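Work through the exercises below with the sequence and the model side by side. Try each task before you read its solution.

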Amino acid sequence: IAVNLAQEEKQIRTKKNKEFIAKAVVIASGSEPRLLNIPGEKEMRGNGVAYCATCDAEYFEDEDVVIIGSGDQAIEEGIYITKFAKKVTVIVLHDEGILDCNKVSAEKAFNNKKMHFIWNSTIEEVLGEKNPLGEKTVTGVKLKNLKTGESSKLDCQGVFFFVGMIPMTGFIKDSGVIMDHKGYIPVNERMETNI
């Protein structure tokens, strides 16, 4: 939960209030997906709402899937999902033809027959119904066109959110390690921090 890394002997404190001393510390705290916090997103996480294609794509075999986002992660993972899904629809904030990913991935996506795009749009809600086990599962999404203000419904069985990641570095604050404004830790070519 806290570290002091500025001294030669590094101090690490855990949730159970144990303290450890070390000469070196490897920081591998990872990140978590950024949430949009729209209705249905948290409620159906694991029941049609997902954040990792390599983890969950196979659960959507021959189904319709929606991708939220148009950056490298969204497009590359969307291409991977097409190996399983019947259809992958990417919801894009921008005008037609504009993606936030690299050109190679954009070209692959545009040439993939299973990938479709809805432009100038955002997602307002993840829609769902209760399954026989009483759990709410994804049945579609409610979209909003940013140019016309019009709302529409798109049927699907899965929604993958790729709208960024949040580094899990909060416990490093005030430790002496330099972080950028987003919480990422700049490192050199040997993966060393400023310390």
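**Exercise 1.** In which order do the five strands of the open sheet with parallel pairing stand?

*Solution.* Before starting, note that this is a predicted model, in which local features need pLDDT of at least 70 and side-chain atom pairs count only at pLDDT 80 or more, while totals for chains, interfaces and linings use all residues. Residues are numbered from 1 along each chain as its sequence is written, and side-chain values use heavy atoms, with hydrogens and water left out.

Step 1: recall the terms, namely that helices (H or I, at least four residues) and strands (E, at least two) are DSSP runs numbered from the N terminus, and that two strands pair if DSSP finds at least two bridges between them.

Step 2: read off the order, which is S5-S12-S6-S7-S8.

Step 3: look at the edges, where strand S5 (49-50) and strand S8 (115-118) each have a single partner strand, so one side of each is left without a neighbour in the sheet.

**Exercise 2.** Describe the open sheet formed by three strands.

*Solution.* Step 1: the order of this sheet is S1-S2-S3, and its pairing is antiparallel. Strand S1 (2-4) and strand S3 (19-22) are the edge strands, each with a single partner, so one side of each has no neighbour in the sheet. The twist averages 15° from one strand to the next.

Step 1: strand S2 (residues 10-13) is joined to S3 by four bridges, and the bridge partner of Lys10 in S3 is Ala22.

**Exercise 3.** Which residues have the most contacts inside the largest nonpolar core?

*Solution.* Step 1: a nonpolar core is a set of buried Ala, Val, Leu, Ile, Met, Phe, Trp, Tyr and Cys residues joined through side-chain atoms within 4.5 Å. Buried means under 20% relative accessible area, exposed over 50%, and partly exposed in between (1.4 Å probe, protein chains only).

Step 1: the largest core has 23 residues, and those with the most contacts inside it are Ile67, Ile81, Val90, Leu99, Phe117 and Phe160. S6, H2, S7, helix H3 (103-110) and S8 each supply at least two residues of this core, and H2 gives the most, with three.

Step 2: leaving aside neighbours within four places in sequence, Phe160 is in contact with residues including Ala50, Phe60, Ile67 and Ile81. A second, separate core of 16 residues includes Ile68, Ile91, Ile123 and Val126.

**Exercise 4.** How many salt bridges does a search of the whole structure find?

*Solution.* Step 1: a salt bridge is a side-chain nitrogen of Lys or Arg within 4 Å of a carboxyl oxygen of Asp or Glu, and the search finds five.

Step 1: one of them joins the side chains of Glu124 and Lys142 (4.0 Å, N to O). This pair links distant parts of the chain, with Glu124 in strand S9 (residues 121-130) and Lys142 in strand S10 (residues 136-145), 18 residues apart. Glu124 is partly exposed at 26% relative accessible area, and Lys142 is partly exposed at 32%.

Terms used. Axes are lines fitted to C-alpha atoms, for helices over the stretch in contact, and angles run from 0 to 180 degrees between N-to-C directions. Contact means heavy atoms within 4.5 Å.
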